[in-house]
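Dear colleague,

Please find below the sequence and structure that I am handing over to you. My findings follow directly after them.

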Amino acid sequence: MNFSEVFKLSGLLSKFSPDGKYLASCVQYRLAVREVSTLQILQLYTCLDQIQHIEWSADSLFILCAMYKRGLVQVWSLEQPDWHCKIDEGSAGLVASCWSPDGRHILNTTEFHLRITVWSLCTKSVSYIKYPKACQQGITFTRDGRYMALAERRDCKDYISVFVCSDWQLLRHFEADTQDLVGIEWAPNGCVLAVWDTCLEYKILLYSLDGRLLASYCAYEWSLGVKSVAWSPSSQFLAVGSYDGKVRILNHVTWKMITELAHPTTINNPKIIVYKEAEKNPKLGLGALPFAAPRAAARSLSTTETKYEVASMPVSLQTLKPVTDRANPRIGVGTMAFSPDNYFLATRNDNIPNAVWIWDVQKLRLFVVLEQLAPVRTFQWDPQQTRLAIGTGGGHVYLWSPAGCMSVQVPVEGDFHVLALCWHLSGDPLALLSKDHFCLCFLETQEGPA
Amino acid sequence: MSPSSLYSHHVLCSSIPLSKNVQSFFSAFCTEENIEQSISYLDQEQLESSRREMIGLQERDRQLQCKNRNLHQLLKNEKDEVQKLQNIIASRATQYNHDMKRKEREYNKLKERLHQLVMNKKDRKIAMDVLNYVGRADGKRGSWRTGKTEARNEDEMYKILLNDYEYRQKQILMENAELKKVLQQMKKEMISLLSPQKQKPRERADDSTTVLSDVEDDAGEVSRESVWDLSCAAVREQLTNSIRTQWRILKSHVEKLDNQVSKVHLDGFNEDDVISRQDHEQETEKLELEIQQCKEMIKTQQQLLQQQLTTASDDDTTSLLRDCYLLEEKERLKEEWSLFKEQKKNFERERRSFTEAAIRLGLERKAFEEERASWLKQQFLNMTTFDPQNSENVKLFSAFSGTDSDRDTLTVHSRPRQRQPHSVCRRSPVSTSKLTKSLPTSPASDFGQTRSCASEHSSSNALNITHEEAKPNQVGRECLSQSRSLVPRPGSQEGCYNGCPLTCTNSHVEEDNLL
């Protein structure tokens with residue numbers, strides 16, 4: 001395992017190009033494009049204001065930089081460094097900006113979700129989409145980039161529009177049977193659209209590509225409902241995480257629940273492995289080493305070495321008691337991710353914030369639980385193999401695979417808090433992002449001829 | 001008996017288990033006359049007790065029913081409360097929704113207004129400023145949006161959907177086929193499991209006949225495998241029904257076996273071919289013990305082997321250990337040694353016999369020579385004028401007195417018989433050396449003397465010389481010397497040279513052969 005040197009970063013904006021050759025990172029208003037293998041800066045672009053969002057086009061030729069405060073989007077070309085493009089939304093303001101799948105159109109969402117403007121880089125045409133819904137996930141593209149589904153709201157009712165991305169033709173427009181739609185997502189096979197309602201109403205609707213309602217699922221009434229939704233990569237399963245701390249898995253044939261995965265606070269099954277993160281060297285009493293006292297006091301968790309230990313049954317996990325009189329309580333399954341090979345599902349129950357639960361999808365039961373010393377902030381699956389990287393905001397990056405797990409300290413002087421992770425499409429390297437810096441972790445060391 | 005005694009008995013035995021008391025009581029006081037009386041008394045007793053029982057039970061029943069009613073009431077109350085709460089929640093939700101909608105409408109109005117303002121403001125600094133327009137990702141030109149394109153989009157969408165459905169249907173069909181195969185296999189196996197029952201007559205012949213009939217039916221159906229490929233409802237049902245019946249039969253069979261096993265436990269060893277569980281367990285325990293012992297043995301042997309290979313123990317043992325590796329070789333060596341020794345012995349024996357023979361030979365030779373000498377003397381004394389023979393003898397002599405270098409030519413000329421002494425000499429070098437040790441002379445002197453002998457016809461000299469000539473190292477010479485020694489003595493004439501050497505050589509040869 002090799003760590004690269006540390007580079008400056010702002011806003012956690014660091015992304016690998018879709019073809020895997022380049023890495024774009026921004027520092028304030030500058031955008032640096034580096035080559036992944038050597039980390040040499042190939043291009044350096046300067047934008048007009050602090051960048052809030054960057055995105056690669058699908059063919060890795062262009063990068064868009066969105067500056068929400070100024071309402072500007074600037075597009076840069078890798079092939080022609082002196083090509084420039086600036087889109088100014090003016091007083092309409094800018095709230096979100098993204099590429100279309102063909103890499104030639106930019107969709108800007110104006111302030112207050114007044115409209116979505118579709119700018120074309122090929123022609124002079126501009127399209128407007130009115131009444132987009134202001135929700136968590138209102139736009140979704142199919143994996144093959146053919147269709148776009150957009151959530152809209154008119155007259156206090158939710159609608160869904162399906163557009164053909166090649167010519168922006170409105171293919172279907174139908175009403176969604178939801179109270180207040182919160183998110184939509186295409187299945188990976190592009191034929192089914194999952195639509196879920198606000199947490200006040202547990203409702204998942206499944207629509208076919210041509211707008212027919214295939215199924216509707218509701219687990220219970222009155223309690224807070226759906227918190228997160230994830231499709232399995234093969235489109236066979238739809239995992240629904242809810243505020244009651246359970247994940248319900250629906251199958252694609254009958255759209256009925258096949259199992260409920262609960263997240264108990266005490267685990268007593270010997271078949272489940274529980275890894276607990278523990279410090280390697282327990283802190284010494286300050287009295288024992290007088291000369292080390294000031295350092296020991298300043299030492300934070302990020303600089304101590306940690307390792308994983310297998311905990312013996314029964315294991316009880318650290319639980320948070322949620323504050324009941326506040327909205328959006330920290331309970332329920334808020335993050336879920338299927339592994340790319342469809343074998344595992346990683347989840348996090350928000351009232352057991354230090355633990356990552358890994359479920360075996362073949363057997364539909366709990367496989368491994370990883371308990372960290374700090375709350376888990378992010379986890380991502382390796383796109384190529386069955387490997388999960390976890391970041392807790394401390395100085396370590398954690399890797400789990402069915403063979404075992406390890407805790408690696410980021411060898412950086414000073415503090416490095418891993419706030420976000422980003423895998424390269426080939427599975428190596430792994431980018432670790434902190435507030436002001438980022439570094440790359442090369443997992444397979446290559447022995448070159450020298 | 002008197003009624004008073006009856007009464008006292010009656011007081012005593014008032015509780016429920018009356019039968020025994022009644023019997024004893026009955027036997028105590030009942031006589032033929034009293035039967036009806038006693039019966040009526042007993043009936044009254046029973047009636048009373050049962051009546052009391054009934055009252056008690058009724059009371060209990062009433063209490064339980066009361067409790068039940070209370071619980072029901074509580075449950076109903078709870079349910080009502082839950083319903084009420086739900087209704088409250090529902091009404092609040094509708095109220096909230098209504099409020100939300102109202103607010104949303106207001107918000108929409110604001111948005112519209114804002115939108116208008118934004119659009120009208122015309123602060124359209126060039127909204128998009130681009131250096132040059134980029135080509136499309138796929139390199140084609142953009143196309144106009146017409147009805148055709150719309151239709152095409154629709155078609156494509158349906159195509160995608162259809163493909164997906166077809167793919168899924170294929171998957172499901174494959175899964176179905178596999179499951180059907182599995183079911184069929186299960187059915188076949190179940191049938192085969194159950195069919196051996198035909199031979200063994202067990203209880204409940206009725207069940208077995210039903211089994212047989214089912215089996216026969218199913219066996220007939222098995223052949224029609226192609227039927228199963230159809231997926232129509234009738235066929236599906238057939239398969240599942242037949243599986244279900246087979247499974248039922250199998251279950252009953254297994255239950256029967258269980259019952260039998262339990263019976264055997266209770267009754268003892270009824271069947272010969274049924275091994276009791278205890279025996280079976282004992283056997284398995286024994287086998288496990290054996291396995292354990294064998295494993296331990298293997299382990300210890302392995303350890304010992306390891307020790308031998310790695311650790312260095314004290315000298316004796318190490319030497320012993322080292323020796324044992326070469327055991328095989330040692331054995332072989334021993335064998336070869338013994339063989340060698342045997343051979344050596346044989347050689348010794350042979351040698352001894354040779355020496356003895358040579359000694360004998362020498363002795364005989366001596367004797368023979370003495371004889372010859374005497375004979376030659378006689379001859380010599382008898383015959384004195386044989387000249388032609390002399391010249392021949394001279395030739396012979398010269399032949400005999402030849403040098404080493406001339407030996408080859410001489411041998412060519414000489415008679416073949418004379419060669420044999422060469423070979424004789426070689427066979428027994430030891431013996432000749434012994435003989436001739438006492439007679440060392442120089443070669444030069446030999447030649448000179450022989451020549452002189454040859455010219456002077458002085459056989460005595462020659463003889464002397466021959467004796468003296470003999471040397472242990474020069475085998476050839478020895479042979480010559482021997483042959484010369486065989487040359488007739490001074491006493492004998494040249495004439496005898498012809499005959500004697502021949503005879504001598506012959507005799508020598510013969511003797512040699514005797515050896």
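Accessible areas in this message come from the Shrake-Rupley method with a 1.4 Å probe. The model is predicted, and every value quoted here was computed from it.

**The two chains**

On that basis, the accessible surface of chain A comes to about 19500 Å², and 50% of it belongs to carbon and sulfur atoms. For chain B the accessible surface is about 39000 Å², with 55% belonging to carbon and sulfur atoms.

Chain A contains one helix and 41 strands, while chain B has 17 helices and one strand. Of the 450 residues in chain A, 56% are buried; in chain B, buried residues make up 24% of 515. Among the contacts in chain A with a separation of 6 or more, 45% are between residues 24 or more positions apart. In chain B, 73% of the contacts between residues at least 6 apart in sequence join residues at least 24 apart.

**Nonpolar cores**

The largest nonpolar core has 39 residues, and the members that touch the most others are A:Tyr147, A:Ile204, A:Leu206 and A:Leu238. Strand β20 of chain A (residues 192-197) gives the most to this core, contributing five residues. There is also a second, separate core of 23 residues, which includes A:Ala230, A:Ile249, A:Ile272 and A:Leu317.

What does A:Leu206 contact once its neighbours within four places in sequence are left aside? Its partners include A:Val192, A:Leu193 and A:Ala194, together with A:Arg212, A:Leu213, A:Leu214 and A:Ala215. A:Trp231, A:Leu238 and A:Trp255 are also in contact with A:Leu206.

**The loop between β17 and β18 of chain A**

Two residues of this loop deserve mention. A:Ser166 lies between β17 (157-164) and β18 (169-175). With a relative accessible area of 44%, A:Ser166 is partly exposed. Its C-alpha atom is separated by 8.8 Å from that of A:Gly145, 21 residues apart along the chain.

A:Trp168 is placed in the loop between β17 and β18 as well. Is A:Trp168 buried or exposed? A:Trp168 has a relative accessible area of 9%, and it is therefore buried, the cut-off for that class being under 20%. Not counting residues up to four places away in sequence, A:Trp168 touches A:Ser100, A:His105, A:Leu107, A:Val118, A:Met148 and A:Phe163, and also B:Arg145 of chain B. The C-alpha atoms of A:Trp168 and A:Val118, 50 residues apart along the chain, are separated by 9.1 Å.

**Backbone features of chain A**

Most residues other than glycine have a negative phi, and most peptide bonds are trans. The following residues depart from these patterns.

- The peptide bond from A:Met313 to A:Pro314 is cis, with omega near -15 degrees. A:Pro314 is found in the loop between β29 (306-311) and β30 (315-316).
- The peptide bond from A:Asp428 to A:Pro429 is likewise cis, with omega near 10 degrees. A:Pro429 sits in the loop between β39 (420-423) and β40 (430-433).
- A:Gln28 is not a glycine, yet it has a positive phi of about 55 degrees. A:Gln28 belongs to the loop between β4 (22-27) and β5 (30-35), and it is partly exposed, with a relative accessible area of 39%.
- A:Asn342, also a residue other than glycine, has a positive phi near 75 degrees. A:Asn342 is in the loop between β31 (333-338) and β32 (344-349); its relative accessible area is 14%, so it is buried.

**A helix pair in chain B**

In chain B, helix α4 (residues 147-194) packs against helix α6 (residues 233-267) at an angle of about 35 degrees, and their axes are 10 Å apart. The crossing of α4(B) with α6(B) is left-handed.

From α4(B), the contact is made by B:Lys180, B:Leu183, B:Gln184, B:Lys187, B:Met190, B:Ile191, B:Leu193 and B:Leu194. From α6(B), it is made by B:Leu239, B:Ser242, B:Ile243, B:Gln246, B:Trp247, B:Ile249, B:Leu250 and B:His253. Which classes do the residues in the contact of α4(B) with α6(B) fall into? Ten are nonpolar, four are polar and two are charged.

Yours sincerely

Notes:
Residues are numbered from 1 along each chain as its sequence is written. Chains are lettered from A and ligands numbered from 1 in the order in which they are written. This is a predicted model: local features need pLDDT of at least 70, side-chain atom pairs count only at pLDDT 80 or more; totals for chains, interfaces and linings use all residues. Side-chain values use heavy atoms; hydrogens and water are left out. A nonpolar core is a set of buried Ala, Val, Leu, Ile, Met, Phe, Trp, Tyr and Cys residues joined through side-chain atoms within 4.5 Å. Buried means under 20% relative accessible area, exposed over 50%, partly exposed in between (1.4 Å probe, protein chains only). Helices (H or I, at least four residues) and strands (E, at least two) are DSSP runs, numbered from the N terminus. Contact means heavy atoms within 4.5 Å. Axes are lines fitted to C-alpha atoms, for helices over the stretch in contact, and angles run from 0 to 180 degrees between N-to-C directions. A crossing is left-handed if the near helix is turned anticlockwise from the far one by less than a right angle, and right-handed if clockwise. Ala, Val, Leu, Ile, Met, Phe, Trp, Tyr, Cys and Pro count as nonpolar, Asp, Glu, Lys and Arg as charged, and the others, Gly among them, as polar.
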